[in-house]
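Here is a short briefing to read alongside the model. Take a moment to look over the sequence and the fold, and then we can walk through some details together.

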Amino acid sequence: MTDKNRIVLAYSGGLDTSVAIGWIGEQTGSEVIAVAVDVGQGGEDLEVIRQRALDCGAVEAYVADAREEFADDYCIPALKANGLYQGKYPLVSAISRPLIAKHLVRAARQFGATTMAHGCTGKGNDQVRFEVSFTSMAPDLNCISPVRDLALTRDVAIDYATKHDLPIETTKNNPFSIDQNVWGRAIETGFLEDLWNAPTKDVYSYTDDPTYPPLPDEVVISFEQGVPVALDGKQMSMLEIIQELNRRGGAQGIGRIDIVEDRLVGIKSREIYEAPGAMVLIEAHKELENVTIEREQARFKSRVDERWAELVYDAQWFSPLKGSLDAFIEDTQRYVTGDVRMTLHAGRATVTGRRSDSSLYDFNLATYETGDTFDQSHSRGFIEIYGMAAKLAAARDVRFGNGVDFGVGNLANE
């Protein structure tokens, strides 16, 4: 074991974090352990990334294939909660940060590090997500950000990489900041910072242009207690289902999102997202809930879902409240079992059929045809009782001269 302090760095294999390895060493005198976590972002092999980290000066390189873990332990809870921040954003980056942080802490314990490091800026959400996650799991560890705390700007990173002949591509021409995993892809900065500028075709990678779609694609998604388990009758893992729906939904241009969102740090930010698999699954899951969850429970769950998304967006994955909401959401999924048929076409995922052995839909009660078992004579008394409170309040208003003015007098004088 070395006498030097050790710092664990969240390592992507790109320019900024590759330069950060040497930069941290120079600025702090510490050794750097690079940690790369595969959450389905695609690109290079983990072994290539590991070797690059060592070539850039890391004393150790920890790599983890966490795709299945991410799909099962992070994407599934997000799906059960119909997780959409501001009703649109499926929490692509927000749900990956706690998992990455978990592996960073594991590496810190394994290699005897005292400090964590990430490549986030001082105005983004991810700095908070990483550091709050670190604090929740390992409050004894410190944390730094080379960009925020050690003045590692992009132009400095490019010059540093060139000067030290680091084995990475350096360019000043890429206008976007991109984060991606199997749940989706996030794109920001560059010309997108002008809210009036429309996204150009080079922004997108996970989705094709929905203006010129292929023929409609019909898919049947099967769920067991809120968890997708099969596509078109074929049993698949959660990871495989997301990947397949990314392919099929992406081919139809489904899951493109353009939103001005409220960041945790208090500013508004224009973000572009692509999440074909996530958006198809959330739409299917919500529809199956409509069929299987009791009305009052469903109404309350919609509020819980909204608060859950806010907590996760706001770096509270490990918070007590989020844990309590998880317990409620899990309880609601007991009967969310069945099949949803959807047509994927031209940017839309449209539900065309649903079936469930635990359905609360009763055909004989719902039908207007012969065989209707709903006794309509009961409705008169129901309405009388249901409207009693409003009726009493209206009568009081009339007594005190505050009744509704329907303009009858004016009409009579015309």
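Which side chain does E44 meet in a salt bridge? The partner is R52, with 2.6 Å from N to O; a salt bridge here is a side-chain nitrogen of Lys or Arg within 4 Å of a carboxyl oxygen of Asp or Glu. Please keep in mind that this is a predicted model, where local features need pLDDT of at least 70 and side-chain atom pairs count only at pLDDT 80 or more, while totals for chains, interfaces and linings use all residues. Residues are numbered from 1 along each chain as its sequence is written, and side-chain values use heavy atoms, with hydrogens and water left out.

**Salt bridges**

- A search of the whole structure finds 32 salt bridges.
- The classes are buried for under 20% relative accessible area, exposed for over 50%, and partly exposed in between, with a 1.4 Å probe and protein chains only.
- R67 and D38 form another salt bridge, with their closest N and O atoms 3.8 Å apart. This pair links distant parts of the chain, since R67 sits in helix α3 (residues 67-80) and D38 in strand β2 (residues 31-38), 29 residues apart. Helices (H or I, at least four residues) and strands (E, at least two) are DSSP runs, numbered from the N terminus.
- D38 is buried because its relative accessible area is 15%, while R67 is partly exposed at 30%.
- E296 and R295 also meet through their side chains in a salt bridge, at 3.3 Å from N to O. R295 counts as exposed because its relative accessibility is 55%, and E296 is partly exposed at 39%.
- R97, D126, R129 and D179 are linked in a network of salt bridges.

- Two strands are taken to pair if DSSP finds at least two bridges between them.
- Strand β9 (residues 227-231) and β10 run antiparallel and are joined by 2 bridges. In this pairing, L231 stands opposite K234 in β10.
- Axes are lines fitted to C-alpha atoms, for helices over the stretch in contact, and angles run from 0 to 180 degrees between N-to-C directions.

**The four-stranded sheet**

- The order β6-β7-β12-β11 describes an open sheet of 4 strands, again with antiparallel pairing. The edge strands β6 and β11 (256-262) each pair on one side only.
- On average, neighbouring strands of this sheet are turned by 25 degrees against each other, direction ignored.
- Strand β7 (residues 184-188) and β12 run antiparallel and are joined by 3 bridges. The bridge partner of I187 in β12 is I272.

**Annotated binding-site residues**

- An unreviewed UniProt entry carries a "binding site" annotation that covers Y89, N125, R129, S177, E261 and Y273. UniProt positions are given in the numbering used here, feature names are shortened, and annotations may be inferred rather than shown by experiment.
- Y273 belongs to strand β12 (residues 268-274) and counts as buried because its relative accessibility is 2%. Leaving aside residues up to four places away in sequence, Y273 touches Y89, R185, A186, G255, R256, I257, I259 and E261; contact means heavy atoms within 4.5 Å.
- S177 lies in strand β6 (residues 177-181) and is partly exposed, because its relative accessibility is 33%. With residues up to four places away in sequence not counted, S177 touches A186, I187, E188 and T189.

**A buried threonine**

- T292 is found in helix α9 (residues 276-292) and counts as buried because its relative accessibility is 5%.
- A polar atom of the T292 side chain lies 2.8 Å from the backbone oxygen of L288.
- Not counting residues up to four places away in sequence, T292 touches residues including Y335, V336, S356 and L360.

Notes
Polar contact = N/O pair within 3.5 Å; in protein donor to acceptor, adjacent residues only side chain to side chain.
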